[in-house]
Amino acid sequence: MPRMDGVEAAVTIRKTQDRKDCRILLATASLVDLSRVAEADGFLMKPYSKDILLSFIQALLSQKH
């Protein structure tokens with residue numbers, strides 16, 4: 001992403017009042033400091049299968065905030 005990375009985007013989304021309940025799934029092919037992904041509800045390392053992605057999305061959508 002040109003202006004911010006996914007973690008920065010997650011922090012910004014979480015700070016937005018009407019987006020606090022938004023589910024955030026980060027996906028990257030880069031090495032990431034896992035302590036930085038705390039704002040996300042989930043994290044995937046690329047490459048991943050379509051089935052893994054869909055299972056993760058289903059699990060996130062079934063969670064209650």
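## The model and its confidence

Because this is a predicted model, local features need pLDDT of at least 70 and side-chain atom pairs count only at pLDDT 80 or more, while totals for chains, interfaces and linings use all residues. Residues are numbered from 1 along each chain as its sequence is written, and side-chain values use heavy atoms, with hydrogens and water left out.

The chain has a mean pLDDT (the predictor's confidence in each residue, from 0 to 100) of 87, and 97% of its residues reach 70 or more. Helices (H or I, at least four residues) and strands (E, at least two) are DSSP runs, numbered from the N terminus. Among the elements of the chain, the highest mean pLDDT, 94, belongs to helix α2 (residues 50-62), and the lowest, 87, to helix α1 (residues 6-15).

## The nonpolar core

Let's turn to the interior. A nonpolar core is a set of buried Ala, Val, Leu, Ile, Met, Phe, Trp, Tyr and Cys residues joined through side-chain atoms within 4.5 Å; buried means under 20% relative accessible area, exposed over 50%, and partly exposed in between (1.4 Å probe, protein chains only). The largest such core here has six residues: V7, A10, I24, L26, V37 and A40.

I24 is a handy place to start looking. Leaving aside neighbours within four places in sequence, I24 is in contact (heavy atoms within 4.5 Å) with A10, I13, R14, E39, A40, D41 and G42.

## Two salt bridges

Side chains of opposite charge can pair when their charged atoms come close. Counting a side-chain nitrogen of Lys or Arg within 4 Å of a carboxyl oxygen of Asp or Glu, there are two salt bridges.

One of them joins D5 and R36, with the closest N and O atoms 3.3 Å apart. This pair links distant parts of the chain, 31 residues apart: D5 sits in the segment before α1, and R36 in the loop between β1 (25-28) and β2 (42-45). D5 is partly exposed at 30% relative accessible area, and R36 is partly exposed at 37%.

R14 and D41 form a salt bridge too, their closest N and O atoms being 2.6 Å apart. Here helix α1, which holds R14, is linked to the loop between β1 and β2, which holds D41, 27 residues apart. D41 counts as partly exposed at 25% relative accessibility.

## Around R14

R14 is worth a visit in the viewer. R14 counts as buried because its relative accessibility is 15%. A polar atom of the R14 side chain lies 2.5 Å from the backbone oxygen of C22. Not counting residues up to four places away in sequence, R14 touches R19, K20, C22, I24, E39, A40 and D41.

Methods:
Polar contact = N/O pair within 3.5 Å; in protein donor to acceptor, adjacent residues only side chain to side chain.
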